[in-house]
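Please set the sequence and the model side by side before reading on. The report below is meant to be followed with both in view.

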Amino acid sequence: MMFDQEILTHNLMKEYIRDLIEKGQRLDGRGLYDYRPIEVLSGTFTKAEGESWLRLGETQVLVGVKADLGEPFPDTPDKGVFVSNVELLPVASPTFEPGPPDEGAIELARIVDRAIRSADAIDLSSLVISPGKLVYMLFLDMYVLDYDGNLEDSLTLASLIALGRTEIPEVELKENGELEVRETKRRLELRDIPINFTFVKIGNRMLLDPTKEEEGVCDASITIAINGEGKVCSIQKKHGTFKMDEILNMMSVARAKWSELAEIVRGAI
Amino acid sequence: MPLYVERRPERLITGEGVRTDGRLPYEMRPIKMMVGVLERADGSAFVEWGGNRILAAVFGPREVHPKHMTLPDRALIRARYNMAPFSTPERRRPGPDRRSIELSKVIREALKPAIFVENYPGAVIDIFVEVLRSDAGTRVAGINAASLALASAGVAMRGLVAACSIGRVGEFIVVDPNHDEDMWGDSDMPMAMMMESEEITLLQADGTLTEDEFKQALELGRKAIRFVYEVQKEALKRPYQLVERGVGRLS
């Protein structure tokens, strides 16, 4: 029940936020379609093949891409394996509890995964070593360290950066069937930058990049992924309802915002 | 070695827009809806949509277990989407996988806006969607069934929630994607709406759509949902229809 933020947001605060939004203002002074400052920390924090620690306002996430070798799925013998997982660590919020991923964590992982997959951002066929037998497996592990709303977008940005930075050891399958792992590494190619844009509806206003308080008071929320060609590549409406014209408006906002965020991803890689 | 191997048809759609099951882009598969199919549940419905066979049941409003989940000012809504082990060509392992967990969540969120939750403080309404046979579009078929089950349980609602999926196959935007289109099509966009207020309660998308394609899909979705909604309303009224006889003469 992590998104049942009513536990977290005081009723007085709720009213205050709603009143402000009605006037087109936000608690932290941002415009309705402004992101909070995005910062990608420099340094090495993991043993991953690619990683990134990203701050979006007071939300912090750490994403690591681990590579391994394994068998492809039987229905996709000519594709590498790509697995996404989100862990909402108990350190990130007093309301997060240890344990296996709950529906919120599963949905988050699938929102990020779907954007990347739909946009074909990673060429999975380039991860095949021997069709049907041996492929690279990429594990995208997303760690939420500090929760102040909008995990969807922060995890997507951090994942794209981590994937773009990923370098995996080259291998050679010899004729005698032996596998040689080389010293050299190959860079994973990020072919597209699908960005997730999360909006919430408060009253009749739509706002981008909600904080946890805004998520707590919102009437509806939705995440829309836009790729480099301006195409929609995934949508996930979460709670509440939207009208058709509201969705079309948010889509235009997202499209207009794409390059600003793609620039951050490119810059960080 | 899998016993069942999925084979991609040579082509998913012809230049004239004929689909692998012979339908045109704007044609829906046959739909059947039936309300009140279970005895023990407070409300239930059975939906056949193409090859899908979906059973939905509603229990409640009833007492919440475990108790700590009780909400003092409104009803708790829970939904479970579950696929039977025999619902797919290859046996599925019973129990929830990640997909089912996500679908349970989006189905709950698609139905909850329609329920007057404040009418039932401290209670729970449990919604169960059982997929007995799957043939693309199980979540939207499940929402249609669950919405009927809720209504037949007498739960106070703002309106029925109707749902349909829209797909893209190459250049074509198609309504109600079939199995082949679901597997190998380019995009899939399930939608649900409360038709009276035209509020969207479920919207997901997978695969790419240009701005124009998206607008076309949204509009087609509305039309399809309107169509499904009419079927739902009829199914709901059917058990309660007026029965009349002329003068009865007994011998």
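Predicted model: local features only at pLDDT ≥ 70, side-chain atom pairs only at ≥ 80, totals over all residues.

Residues are numbered from 1 along each chain as its sequence is written, and chains are lettered from A and ligands numbered from 1 in the order in which they are written.

**Chain A**

Chain A has five helices and twelve strands, where helices (H or I, at least four residues) and strands (E, at least two) are DSSP runs numbered from the N terminus. The radius of gyration of chain A, 20 Å, is close to the 18 Å that the globule rule gives for 269 residues, so chain A is as compact as a globular protein of that length; the radius is taken over C-alpha atoms, and the rule is 2.2 Å times the number of residues to the power 0.38. Further values for chain A are collected here.

| Property of chain A | Value |
|---|---|
| Span of the C-alpha trace along its principal axes | about 70 × 40 × 35 Å |
| Buried residues | 48% of the 269 residues |
| Contacts joining residues at least 24 apart, among those between residues at least 6 apart in sequence | 69% |

A residue is buried if 20 or more other C-beta atoms lie within 10 Å of its own, exposed if 12 or fewer, and partly exposed in between, and two residues are in contact if their C-beta atoms lie within 7 Å, with C-beta atoms placed from the backbone.

**Helix 3 and A:Leu69**

In helix 3 of chain A, 14 of the 14 residues are buried, so this helix is largely enclosed by the rest of the structure. A:Leu69, in strand 3 (residues 59-70) of chain A, counts as partly exposed because it has 17 C-beta neighbours inside 10 Å. Leaving aside residues up to four places away in sequence, A:Leu69 touches A:Leu134, A:Tyr136 and A:Met137.

**Contact between the chains**

The contact takes 28 residues from chain A and 26 residues from chain B. On the side of chain B that touches chain A, strand 9 of chain B gives the most, with eleven residues. Strand 9 of chain B also runs antiparallel to strand 12 (residues 232-237) of chain A, and four bridges join them, strands being counted as paired if DSSP finds at least two bridges between them.
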